[in-house]
Amino acid sequence: MALPISTKSLSINIISLEGNVANITVKPDFTIEKTKTIVIKHFYGHDKTKLPSQFHLIHSTKFKQLTDDNNIHDEQINEHDILMLVEIRPVLVKENLTEEDLKGPNEEVILQETSSLPIINPPRPISSIKCPANVQNEIEQILISLVKASAKILMYSPEAQKSYEMLKEKLKTRCKPTIDPNAVKTLMEMGYSHKKVLKALHLKKSNVTEALEWLIDHQNDLEDDGNNEDDSDLDLLTFETGNDKYVADPSSSIGTRKKSFKDTCTELLEENQSLKKDGNLVSIVDLLLESFHHYKKMDFKPNPKAIQLLLEMGFDEKNIIDALKVTGNDQTNACEWLLGERRRSLQDLGEGLNPDNAVYKAIMNSPHIQLSLTNPKMLLVYLSMLESPTSINVWMSDPEISLALNQIFRIYHVEKHAIYINQYAGN
């Protein structure tokens, strides 16, 4: 037997679509339809476009849609319950479209239909701006130019002989490196070849830790075939190790080669009296620069990304590595080299900037840099940075040196930016 419906009025809160809240008094026997009518009139007055059939009442805590024909009692609505008035969304009727109907127009139809339309914001051609493949290479060229200019100026100074003797000892150390036999034995016991161990110790000036790091870094390099022009100079060097000497047998092709770096610097060290006195400093600097370039090529590690891209073009891996070595890891120049182009400009020759170069002119015209060329210490700094690029971090903390270095880098970036802007404007 159903219990009688109470006649006691209830106070409930209803929230509209706009976020307004209305407190409505209803009786338990009010239907949801009647309650909606009261609420809509309260919120929207006599707006005839707002009909009860367009809305639902939702119980906010039960997340339940209330049925219009039920009354307040049936829906178990209590005192102070909160209801929400929400608009009924129209039900979309899905059309039974075929796959053919869903297809869009093809390119030919689109072009035909839009042929008469004016072109708005047509695409502009983008000019090709050639950016440097390796900023480090350009900085190296700048330093070479500065070293050569400084040597020519200091050649006539009272410090010339002192500077010459210092650089002579430096070159002598590079030409006749002393290798600890225990270091050779230790590294060979780790599984590295005799020739590779000697090369690592030679490049890292007998520092066993750095030599081991070099060996680990180059462990996947292709083994030399004995005909490598750069490593042959290493073979010709005598590695003095106490009472022992390690001398690699030169290949038969060595005799037909031009004079090696080792032979040239040995002549200078042993017969420098035959050189003109005022030419000593320039000559020793030229040989040091040659030795830096020679070491750089011996310490060469090909760019793996360049190798992969050139392999995809169909070139042989060994030829790719040789080309990258010749061109200083420049992928574009290496590609031209592999295609048979043998221009001098493609090679990494370890030379300075062309005097007609805009960057060269701007740097050489700077008073601060001109003054640095007369300072023997700056000559040694420039040589130090060429020998070990990471030494720049040390020199930048020296107040006497950092002024000139900052000026060099500032001018370089300003001039390169101006060149690119002019190229873009010209196109």
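Student: Leaving aside its neighbours within four places in sequence, which residues is S372 in contact with?

Tutor: A contact means heavy atoms within 4.5 Å. Once neighbours within four places in sequence are left aside, S372 is in contact with M378, Y382 and A404. Please note that this is a predicted model, in which local features need pLDDT of at least 70, side-chain atom pairs count only at pLDDT 80 or more, and totals for chains, interfaces and linings use all residues. Residues are numbered from 1 along each chain as its sequence is written, and side-chain values use heavy atoms, with hydrogens and water left out.

Student: Where is S372 placed, and does it count as buried or exposed?

Tutor: Helices (H or I, at least four residues) and strands (E, at least two) are DSSP runs, numbered from the N terminus. S372 has its place in helix α16, residues 367–372. Buried means under 20% relative accessible area, exposed over 50%, and partly exposed in between, with a 1.4 Å probe and protein chains only. S372 has 6% relative accessibility and therefore counts as buried.

Student: With which side chain does the side chain of S372 make a polar contact?

Tutor: The partner is the side chain of Y382, at 3.0 Å. A polar contact is a pair of N or O atoms within 3.5 Å; within protein, one must be able to donate a hydrogen and the other to accept it, and residues adjacent in sequence count only if both atoms are side-chain atoms.

Student: Is T25 buried or exposed?

Tutor: T25, which lies in strand β2 (residues 21–26), counts as exposed because its relative accessibility is 52%. Not counting residues up to four places away in sequence, T25 touches S9 and L10. The C-alpha atoms of T25 and I12 are separated by 6.4 Å, and these residues are 13 apart along the chain.

Student: At what angle do helices α12 and α13 pack?

Tutor: Axes are lines fitted to C-alpha atoms, for helices over the stretch in contact, and angles run from 0 to 180 degrees between N-to-C directions. Helix α12 (residues 304–312) and helix α13 (residues 317–327) pack at about 130°, with their axes 10 Å apart. The two helices are therefore oblique to each other, given that angles under 35 degrees count as roughly parallel, over 145 as roughly antiparallel, 65 to 115 as roughly perpendicular and the rest as oblique.

Student: Which residues meet between α12 and α13?

Tutor: From α12, A306, I307, L310 and L311 meet E317, I320, I321 and L324 of α13.

Student: How many residues are there in the whole chain?

Tutor: The chain has 427 residues, of which 36% are buried. Its secondary structure comes to 19 helices and 7 strands.
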